[in-house]
Each structure stands twice: as C-alpha cells, then as structure tokens.
Protein chains: 2
Amino acid sequence: MLADRRQKLEFRARLLKAMAHPTRIFIIEELARGEQCVCELTSLIEADMSTVSRHLSVLKNAGIVQDEKRGNQVFYRLRARCILGFFDCFETLKQQ
Amino acid sequence: MLADRRQKLEFRARLLKAMAHPTRIFIIEELARGEQCVCELTSLIEADMSTVSRHLSVLKNAGIVQDEKRGNQVFYRLRARCILGFFDCFETLKQQ
DNA sequence: TGCGTATTTGGCAAAAAATGCAAATACGCA
DNA sequence: TGCGTATTTGCATTTTTTGCCAAATACGCA
C-alpha cells in the first residue's frame, strides 16, 4: 500500500479512536450544548477529575475540542460540530 | 447518569471502536467500491489472512459489514454507506 | 472418500489504553 | 507570601487490542 494512503488511514483511525469511548462521546455531546469547564464535566461524569482531564486531552490532541484557560478554570469547546452527524448514521444500524 | 443514556453511549462507542483501526478503515473504503472476498482483501492488505478475517469479524459484529458465503469463499459488503460521510468531517480537522 | 483452497478460531505474547491515587502546577485572593 | 480551588501529570495496575502461528472447519472437485 502507498505510504500516502497509509498515512491518511492512520489519521482517520486516530480521530475515530479518540472518539471511541463512552465518556468521550458524552463529553462531545455535552460540549455540543456549549462550552464547559472541567469541573462541570466532572460533576456530570462519575469519575475522578484526573480521568476526565485525560479524556479531554485525548480529544484535544485529536483536534476535536479546544481549550481556553480563564482564571482558575479551563473551558473546553467542540471544534468539529460535524461529528454530531455521525450518530444519525449509527441509528440506522441499531434496528435489525 | 441514567442507564438509558449510558447504554446509548456504549452503543455508539462500540461502533466507533469497531471502525477505529487503519486496516478496518481500508476495508470499509474498499467495500464501498463493491463486495470483496476475504482473499481479495488479504491480497491488498499486507497481513496474515487470519488477521484480516479478525478485522472483518469486528466490523461484522458491529453491523457495519455483512457477509455471504458463496461456494468456497466469503464475500463481504458494506452495510452502512453513510459511514463514508464521516471522513469529510475529518478533512476539516486536518488543516490547522 | 481424499485433496486442495478459503476462512475462521484458539492460544499466546506484545503493545496500547484506561483509571485511580498522589504529587505537581497554576491561579486568584486575602 | 500563603491558602484554597482547579487542573494536569507521574506512576502502577488492570484491561483491551493486535497479530501471528497453528489447528480446525467448510466446501468443491476429482
């Protein structure tokens, strides 16, 4: 396989993998409603804040979310809203 | 978090996880061109046929592809073409 | 029935991902 | 400067994923 194609496949796989976790999908859906700080997300997700922070950094490294520090807290927001469209496709797979 | 929501998140994560591998994305793209038998896919992917077969079963368990045995060989085809649209969204993330 | 090809499955080892705890950092405020 | 809150990072452990080899299965054909 050509190196060029392999590179494109790996890029796509990296993005899908970054999203492929229930907590990270939850984060994506919540951020679709507007930006949130880590503490707000942590209070919604029953997990250690360090775990939530790690999930956020996975999404950030993939370019899916963006962070901004304001004062004491860090706010995250969704950078690729088109991702939300994926889930409609999934619904068609659920039946049958 | 409500059990109902958690279940939905897990379903979505399972689908994303099933796609989140370079070889499996390759398979999805190839099947978008039409059905292929395992041997054809194996010859395109430089990996053991057993490895390719396992990737195919991951996609099949997720409901993304469908298989049909004809004679000696097993043909796979894409069941959810809408998945192809994902990758356009990814392109927007690549720049910057 | 016996052989050859196509595919899947079992088993195992290596690599990657997930998670909590504790420690480090960053920042605002008294 | 010193304290308290918010966030990230280091570390150790467990779980999951990947990939190959060898063995098992399935099927067509002589």
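How many residue pairs are in polar contact between chain A and chain B, both at pLDDT 80 or more? In this predicted model, in which local features need pLDDT of at least 70, side-chain atom pairs count only at pLDDT 80 or more and totals for chains, interfaces and linings use all residues, the count is 10 residue pairs, a polar contact being a pair of N or O atoms within 3.5 Å, where within protein one must be able to donate a hydrogen and the other to accept it, and residues adjacent in sequence count only if both atoms are side-chain atoms. Residues are numbered from 1 along each chain as its sequence is written, chains are lettered from A and ligands numbered from 1 in the order in which they are written, and side-chain values use heavy atoms, with hydrogens and water left out.

Between chain A and chain B there are also 10 salt bridges (a side-chain nitrogen of Lys or Arg within 4 Å of a carboxyl oxygen of Asp or Glu). One of them joins Arg12(A) to Glu29(B), with the closest N and O atoms 2.5 Å apart.

Around DNA strand D there are 22 residues, the closest being Cys39(A), Ser53(A), Tyr76(A), Thr51(B) and His55(B), where a residue is near a strand if one of its heavy atoms lies within 4 Å of it. Of the atoms of DNA strand D that come within 4 Å of the protein, 63% belong to sugar and phosphate.
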